[in-house]
Amino acid sequence: MGTVAIIVAAILVGTVLQRISGTGVGLVVAPTLSILLGPALGVLVTNMTTVVSGFLIMIAVWSRIDWRRFWLIGPAAILGAIPGALVVGALPPGWLSILVGAIIVFALLVTVGMRTLPRVDGNPI
């Protein structure tokens with residue numbers, strides 16, 4: 001029961017942070033679930049959580065979606081998911097844990113090191 005409560009709390013905190021700041025599921029849910037469920041299952045459940053969270057956020061902001069950017073980013077995300085899935089299937093759990101941890105540390109360093117996002121004027125697309 002304690003593990004389930006931790007998983008539910010991590011998902012709740014991660015999805016709230018995702019809605020507020022645009023990041024949260026990857027930085028909160030992925031490490032928690034990877035530790036509790038193992039790297040392969042943790043990443044799978046995190047991805048499922050991200051899909052549900054993203055869908056709910058999409059419903060809330062549907063009228064403000066920039067469809068040109070979506071069609072630019074969407075195919076790239078799908079192409080990136082394919083090698084990601086192959087890596088998850090090929091790496092042993094220990095190496096997968098190290099890879100997940102390294103990606104999270106890198107993301108945290110970028111977050112801490114970049115206090116403000118670069119300003120893009122006009123429509124870059």
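Figure 1. Q18 is found in helix α1, where helices (H or I, at least four residues) and strands (E, at least two) are DSSP runs numbered from the N terminus. The model is predicted: local features need pLDDT of at least 70, side-chain atom pairs count only at pLDDT 80 or more, and totals for chains, interfaces and linings use all residues. Residues are numbered from 1 along each chain as its sequence is written, and side-chain values use heavy atoms, with hydrogens and water left out. Q18 has a relative accessible area of 24% and is therefore partly exposed; buried means under 20% relative accessible area, exposed over 50%, and partly exposed in between (1.4 Å probe, protein chains only). Leaving aside residues up to four places away in sequence, Q18 touches T23, G24, V25, S53 and I57, a contact being heavy atoms within 4.5 Å. The C-alpha atoms of Q18 and N47 are separated by 13 Å, with the two residues 29 apart along the chain. S53 lies in helix α3 and is buried, because its relative accessible area is 6%. With the same exclusion of residues up to four places away in sequence, S53 touches T15, Q18 and V25.

**Figure 2. Helix α2 and its cover.** Helix α2 has 13 residues, and its end C-alpha atoms are only 16 Å apart, short of the 18 Å that a straight helix would reach at 1.5 Å a residue. The expected span of a helix is 1.5 Å times one less than its number of residues. The buried residues of α2 are V25, V29, A30, P31, L33 and S34. Their cover includes α1 (2-21), α3 and α5. Just after α2, G38 takes a positive phi of about 95 degrees.

Figure 3. The 21 residues of α5 should span 30 Å at 1.5 Å a residue, and the end C-alpha atoms of α5 are 30 Å apart, which agrees. Within α5, L96, V100 and I104 are buried. Seen down the axis of α5, the buried residues fall within an arc of 70 degrees, so they line one face of the helix; the arc is that of the directions from the helix axis to the C-beta atoms. An α-helix has 3.6 residues a turn, so residues three or four places apart point the same way. The buried residues of α5 pack against α2 (25-37), α3 (39-60) and α4. On the face turned away from this buried side, α5 carries the exposed residues W95, I98, F106, L109, V112 and G113.

**Figure 4. A nonpolar surface patch.** V87, L91, W95, I98, L99 and I103 form a nonpolar patch on the surface, with about 550 Å² of accessible area together. Patches are made of residues with over 30% relative accessible area and no salt bridge; like charges are joined within 9 Å, and nonpolar side chains (Val, Leu, Ile, Met, Phe, Trp, Tyr) within 5 Å. Accessible areas come from the Shrake-Rupley method with a 1.4 Å probe, and for residues only the protein chains shown count as cover. Helix α5 (residues 93-113) contributes the largest share of the patch, 4 residues. L91 is found in the loop between α4 (67-90) and α5, and its relative accessibility of 30% is why L91 counts as partly exposed.

**Figure 5. The D66–R69 salt bridge.** The side chains of D66 and R69 meet in a salt bridge (3.5 Å, N to O). A salt bridge is a side-chain nitrogen of Lys or Arg within 4 Å of a carboxyl oxygen of Asp or Glu, and by this rule the count comes to 1 salt bridge. Side chains of opposite charge can pair when their charged atoms come close. D66 counts as partly exposed at 37% relative accessibility, and R69 is partly exposed with a relative accessible area of 34%.

**Figure 6. I78 in the setting of the whole chain.** I78 is found in helix α4 and counts as exposed, because its relative accessibility is 58%. The C-alpha atoms of I78 and G2 are separated by 35 Å, these residues being 76 apart along the chain. The secondary structure of the protein chain comes to 5 helices and 0 strands. The C-alpha atoms of the chain fill a box of roughly 45 × 30 × 30 Å, taken along the principal axes. Of the 125 residues, 18% count as buried. The protein chain exposes about 9,000 Å², of which carbon and sulfur atoms supply 76%. Among contacts with a separation of 6 or more, residues 24 or more positions apart account for 56%.
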